[in-house]
Amino acid sequence: MLWLYWVAALVIGGSTLRVTRALAAAQTHAQALAAQAQASEAQARVSAAQARDLAGQAQELAARAQELAARREYDAMHDALTGLPNRVLYADRLATAAAHAQRCGADVAVLLIDVDRFKLVNDSRGHQCGDELLIALTRRLTRAVRASDTLARLGGDEFAVIVQDVHTPADALAAAAHLRAALREPFPLDGTGTAGPQSVYVTASTGIAFARGRGEGELEVVLREADAAMYLAKARGRGEVEVFDESMGEVAQRRLHLENQLRHDVETGSDALSVAFQPLVDPRDGRVLGVEALARWNSTPYGVIGPDEFIAIAEDCELIHDLGRSVLHTTLEHAAWWHSLHPELEIAVNVSPVQLRRPDFAQQVSAALARARVVPQRLCLEITESVLLDTEGATVANLQALDEDGIALAVDDFGSGCSSLGQLRRFAISKLKADRSFVDDPALLRAVADLAAALGASALAEGVETPEQQQSLVRLGYRQAQGYLWARPQPATAITDLLGPRRETHATVTPPPPRRTGG
């Protein structure tokens, strides 16, 4: 029976081993499942965190996109330099204001403001100073407009103000006067806030037009009308204000046609542009001392256009450089021949302030003299009084270079504007040409002559038309004059005829005898 015990023991022992092994395997499997469950839970937590991060990033990107869209929308409607509304937002604000005015029975005025001689600041002191001035202007004008009105920068040195609740033109004029007053104090460009050498005085020309119940599609006309009024204000002088009337539209259209025609004639060298010459004489005996070159334009279809008008157009659209260069070259070509007839003949040529702002102007003049073989001492360039106020930049460098080359400088229409006596000395002015309005005022003529003598310069009287005026000049000691009494501006051939027959002596112009009056 013992053997049965051993057999049973073996069977029971094998079963226990198998059970133990099975239990161990089950425990291992359970541990593996638990580890997998823990790993899955950790991965789930990571995935949830990643999902939260992605959601946060998506929200941040959406916010940035919204901010960028808002910035782009703002930039599309505002000027980058000043932060003011630009043309787009101006048009939107004007439409809103006009609709409100129609409902309230009022009107809307547009004030177009153009800074006078802003290009002078840019050219003489650099674009950085120009930008600084525009920012300072913006601050001043912003403080001067009402909260209900809109100040916009349309580009360059042009600003527009939309004035609401206007009932009469006087309301708009009052707003314009308030804005003009805001510009009276000088603008410091050096950041010191003092009216020192780096400060400038600024004026602005203003044109005013009214919406007058126009619909949204017609509001562009308002700005064109304000522009026409502004140009008329500029033509009257700096710092003026004009209110649009219907005749100004015709003026603006004429000016546009003239500008286009002038551009064509200058660029093609048309015969419509010519140079006339008026003799400069000694009033004692009519002896010819020199000639002044004067640009002339016979425009199609407007006929003869006065130099005051077409020179201003040429300056505004930068045609003055090509026009002035053409006048100088034509004049020097004739001068080369005239000097063989009259070696001491002075040749006077007018120069625009705009020309003097070109850094290479003096070099161009020297090159033209060399090409024509005319000595610099025989050329006199006539400048305006306003040039003397430009104390920096290319203008000063050009005037100094011209003086060093031996070219004479004369101040034309002296007394009609404003100038600095110190600048007269600084630039070695050789001649003062008394404005033609002085010709019947001996006291003013004497003052100009005395000032010229103090500067070591000569004095010339313009606009002499009668023998009585001539005799007055002689008594005052004038040795140079010009005017219709002796000769009107005439073609170069007439000057050649005047000089040619008298090569042995001196050419003279004999004035007509005094007119008899009464019996």
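User: Glu382, buried or exposed?
Analyst: Glu382 is buried, with a relative accessible area of 2%; here buried means under 20% relative accessible area, exposed over 50%, and partly exposed in between, taken with a 1.4 Å probe and protein chains only. The model is predicted, so local features need pLDDT of at least 70 and side-chain atom pairs count only at pLDDT 80 or more, while totals for chains, interfaces and linings use all residues. Residues are numbered from 1 along each chain as its sequence is written, and side-chain values use heavy atoms, with hydrogens and water left out.

User: Which side chain does Glu382 meet in a salt bridge?
Analyst: The partner is Lys433, with 2.8 Å from N to O, where a salt bridge is a side-chain nitrogen of Lys or Arg within 4 Å of a carboxyl oxygen of Asp or Glu. Lys433 belongs to strand β14 (residues 431-434) and Glu382 to strand β12 (residues 379-383), so this pair ties together parts that are 51 residues apart in sequence. Helices (H or I, at least four residues) and strands (E, at least two) are DSSP runs numbered from the N terminus.

User: And Lys433, what does it count as?
Analyst: Lys433 counts as buried too, at 0% relative accessibility.

User: How many salt bridges does the structure hold?
Analyst: The structure holds 20 of them. One of these joins the side chains of Glu225 and Arg212 at 3.4 Å, N to O. Because Glu225 lies in helix α6 (residues 220-236) and Arg212 in the loop between β6 and α6, that pair links parts 13 residues apart in sequence. Glu225 is buried, at 7% relative accessible area, whereas Arg212 is partly exposed, at 40%.

User: What about Asp282, which residue does it meet?
Analyst: Asp282 forms a salt bridge with Arg287, at 3.7 Å from N to O. Asp282 is buried, with a relative accessible area of 1%, while Arg287 is partly exposed at 25%.

User: Which residues are linked in a network of salt bridges?
Analyst: Arg255, Glu259, Arg263, Glu267 and Asp316 are linked in that way.

User: Stepping back, how many helices and strands are in the protein chain?
Analyst: The protein chain has 16 helices and 15 strands, and of its 519 residues 42% count as buried. Contacts, meaning heavy atoms within 4.5 Å, come 67% from residues 24 or more positions apart, among those with a separation of 6 or more.

User: Last one, which residues does the UniProt annotation "coiled-coil region" cover?
Analyst: According to the unreviewed UniProt entry, the annotation covers residues 32-71, although such annotations may be inferred rather than shown by experiment. In the model, the chain over residues 32-71 is 100% helix and 0% strand, with the end C-alpha atoms 57 Å apart.
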